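Here is a short note to read beside the model. The points can be checked one by one.

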Amino acid sequence: MFKINENFLKLPGSYLFSTIGKKVTAFKEQNPEKKIISLGIGDVTQPLAPAIIETLHGAVDDMSNAETFKGYAPDLGYEFLRTTIAQNDYKDHGCDISADEIFVSDGAKCDSGNIQEIFSQENKIAVCDPVYPVYVDSNVMAGRTGIYDTKSEVWSNVIYMPCTAENNFAPQLPKETPDIIYLCFPNNPTGATVNKAQLQEWVDYANKVGAVIIYDAAYEAYISEEDVPHSIYECDGARTCAIELRSFSKNAGFTGVRLGFTVIPKELKAGDVSLHSLWARRHGTKYNGAPYIVQKAGTAVYSEAGKAQLKEQVAYYMNNAKLVYDGLKSAGYTVSGGVNAPYIWLQTPNKMKSWDFFDYLLENANVVGTPGSGFGPSGEGYFRLTAFGSYENTVEAMNRIKAL
Ligand code: MLT
């Protein structure tokens, strides 16, 4: 009889956003007349920018003609996109990253879940708490996290780095030495950031202890303050300790189009084995590349017109972020985030449990958010709202919350 990967059985419940989806569907069935506003999952609502649509149409036409038709994409990504990314996201910002260190993919969620495959099962991971659940769950599936304690909601073989109001939601260097450190800034879910000096400390630490940092920069387009780094490669020494994940979902609305990339500098090595070559081998074996039309659309993100249109789109969402932030403040909530990130992190009123507040908000304001405890034990007593709704829905949701 075949045997399953029993690590999957260790996972508590279902994926956070699936659980929320099920609860909302059940509520809708019981209350079909209610107009529910979702500020839960960080999914965009604005249509693709005109420059992207135009390039997409052109790429579709390419596929209709034998001369310009494309079959399998190169498994590491089309040169035209990798060169554009290297120039615009890195070289133009003084970061030493070349096109052949960029691996194009169908999104940062897959990359952040898959990247752990190139590391031994013996590695110990460190994560921020609260944390984007994919980092932990994918390591659970790989059997790297030990035993789950249902009471404290922690894994025995994971180093948790609490991010709370006391430390401004920025993790401290852990007491126990990790092998793999997951960092995400601007942060999902708290919306917090670190400045360049703080990030440099992490890079120095990783180089000192021989750890690798997996740096998720999916929300970098939302940075509005000067001293906040857009890439970990702005820090000295990051080429020998850091992998960076980027996404087109949040900066360009590609959540339904799917495009992202991972950067692995060639100097990043375990002994004399480069992680770059391992990830290239993995990518080549398990992946046939993001579609041509999507990679073509990705180039439009960097065109003059695309940049201008996306700047407006990000500003649109950040205006929502301000509405939520200011609205909650005026209603007496303790709030953070929303300045360099599309997420607003609030303390639940009267120390209400996160899931209780979820139910309360759904039932009384018909607004969906994300319970902080779904991101880890230190998220208990917190709640996340996103700025990715439409302006009208955001205003309406805030009016309803303020009226509670
Ligand atoms: C979130 O809501 O945390 C994100 O949308 C999840 C994701 O990007 O996969």
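1. Some terms come first. Helices (H or I, at least four residues) and strands (E, at least two) are DSSP runs, numbered from the N terminus. Axes are lines fitted to C-alpha atoms, for helices over the stretch in contact, and angles run from 0 to 180 degrees between N-to-C directions. Two residues are in contact if their C-beta atoms, placed from the backbone, lie within 7 Å.

2. On the source: this is a predicted model, where local features need pLDDT of at least 70, side-chain atom pairs count only at pLDDT 80 or more, and totals for chains, interfaces and linings use all residues. Residues are numbered from 1 along each chain as its sequence is written.

3. Start with the sheet. It is open, has seven strands in the order E2-E10-E9-E8-E7-E3-E6, and its pairing is mixed. Strands E2 (102-105) and E6 (158-162) are the edges, each pairing on one side only. (Two strands pair if DSSP finds at least two bridges between them.) From one strand to the next, the twist averages 20 degrees.

4. Ala126 stands opposite Ile159 in E6.

5. Helix H4 (residues 79-90) lies across E2, strand E9 (242-247) and strand E10 (260-263). H4 runs at about 120 degrees to E2.

6. Now a helix pair. H11 (residues 304-330) and H13 (residues 391-402) pack at about 5 degrees, with axes 10 Å apart. That makes H11 roughly parallel to H13 (angles under 35 degrees count as roughly parallel). Residues including Tyr316 and Leu323 in H11 meet residues including Thr394 and Met398 in H13. The contact residues divide into seven nonpolar, four polar and one charged. Ala, Val, Leu, Ile, Met, Phe, Trp, Tyr, Cys and Pro count as nonpolar, Asp, Glu, Lys and Arg as charged, and the others, Gly among them, as polar.

7. The UniProt annotation "binding site" (unreviewed entry) covers Tyr15, Gly42, Lys109, Tyr132, Asn188, Asn288 and Arg384. They span 370 residues in sequence, and the farthest two C-alpha atoms are 35.4 Å apart, so they do not all gather at one spot. Such annotations may be inferred rather than shown by experiment.

8. Is Asn188 buried or exposed? Asn188 is buried, with 27 other C-beta atoms within 10 Å (buried means 20 or more, exposed 12 or fewer, C-beta atoms being placed from the backbone). Asn188 sits in the loop between E7 (180-184) and H7 (196-209). Beyond its neighbours within four places in sequence, Asn188 is in contact with Gly42, Tyr132, Tyr219 and Tyr343.

Key: Angles under 35 degrees count as roughly parallel, over 145 as roughly antiparallel, 65 to 115 as roughly perpendicular and the rest as oblique.
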